[in-house]
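Colleague: Pick one part of this model and take a close look at how it packs against its neighbours. I'd like the angles, the distances and the residues involved.

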Amino acid sequence: MRHSGGPRVTRRVLLGSAAAAGLAAAGCSSAPRKPAVPAAPDPQTVLLTSLIAGKEHLVSLYGQAIAALPARAAALEPFRQRHAAHLQALRALLPAGGGAGTFPASPAPPAASAAPPSPSAVSVEMLRDAERRAASARPAQMATASPALSQLLASIGACEAVHVVALGRVRD
C-alpha cells in the first residue's frame, strides 16, 4: 500500500526519532542524580594508619625522655630504636597512597589524644605506662587484622610487654 500526500516516514526515521526522544528524556529527567558514594576505606589500611600514629607517638615519647633524662639516654635509646624499627615495618605494609590524613580519624591511643607532655615531664614510669597500654591493645587489633599484620602485631606486642619489664630496671 502506498501512502499518498505528504512526506513519507520510513521505519528508520521513526525508530531513530524514538531513540533520540528516549535519550533526551533520560538526560532531562527532573529527578536529581545521587552523588557517587565514596568507597569505604580498607579496614586494614585504617588499622595500619592508626598503628603508625601510635608508634610515631611512642618514638616521640622516647625522644623526649632521652632529651629530658640525659643520664638515662644510653639505656633508653635501644627502646626508641626498636619502636622506630616497628614503625618502619608497619609503614612497609601500608599500600601506596594510604598515608595519614587519608581516612577519617580513628581512635587514637589514650596518651596520643592529649597534648604531648613537655620534655621535662616525660619519665620512665610514663614510658612504662605507654608500653603497657600499647601491649594490651594488640590482641584486639590482631582480631581484625590480616594474617601478616597479626603476626607483626604479635611480635610488636611481645616486644612492648618485655619493654614494660625492662623499663622497671631503668630509674629516672
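**Helix H2 and its partners**

Modeller: H2 covers residues 43-68 and H6 residues 147-167; their axes cross at roughly 25° and come within 13 Å. Axes here are lines fitted to C-alpha atoms, for helices over the stretch in contact, with angles from 0 to 180 degrees between N-to-C directions. The crossing of H2 past H6 is left-handed, that is, the near helix is turned anticlockwise from the far one by less than a right angle (clockwise would be right-handed). On the H2 side, Gln-44, Leu-47, Leu-48, Leu-51, Lys-55, Leu-58 and Tyr-62 make the contact, meeting Leu-149, Leu-153, Ile-156, Glu-160, His-163 and Leu-167 of H6; contact means heavy atoms within 4.5 Å. That gives nine nonpolar, two polar and two charged residues.

A quick word on ground rules: this is a predicted model, so local features need pLDDT of at least 70 and side-chain atom pairs pLDDT 80 or more, while totals for chains, interfaces and linings use all residues. Numbering starts from 1 along each chain as its sequence is written, and side-chain values use heavy atoms, leaving out hydrogens and water.

Next comes H3 (residues 73-93), whose axis is 9 Å from that of H2 at an angle of about 160°. H2 and H3 are therefore roughly antiparallel, and H2 passes H3 in a left-handed crossing. Among the H2 residues in this contact are Leu-48, Ile-52, Val-59, Gly-63 and Ile-66, and the H3 side includes Leu-76, Phe-79, His-83, Leu-87 and Leu-90. By class, there are 15 nonpolar, three polar and five charged residues.

Then there's H5 (residues 124-144), packed against H2 at about 170° with the axes 11 Å apart, so H2 and H5 are roughly antiparallel too. Gln-44, Leu-47, Leu-61 and Ala-65 are among the H2 residues touching H5, whose own contributors include Met-126, Leu-127, Ala-130 and Arg-138. The class count for H2 with H5 is 10 nonpolar, three polar and three charged.

Zooming out, the chain has six helices and zero strands; helices are DSSP runs (H or I, at least four residues), strands likewise (E, at least two), numbered from the N terminus. Among contacts between residues at least 6 apart in sequence, 83% join residues at least 24 apart.

Methods. Ala, Val, Leu, Ile, Met, Phe, Trp, Tyr, Cys and Pro count as nonpolar, Asp, Glu, Lys and Arg as charged, and the others, Gly among them, as polar. Angles under 35 degrees count as roughly parallel, over 145 as roughly antiparallel, 65 to 115 as roughly perpendicular and the rest as oblique.
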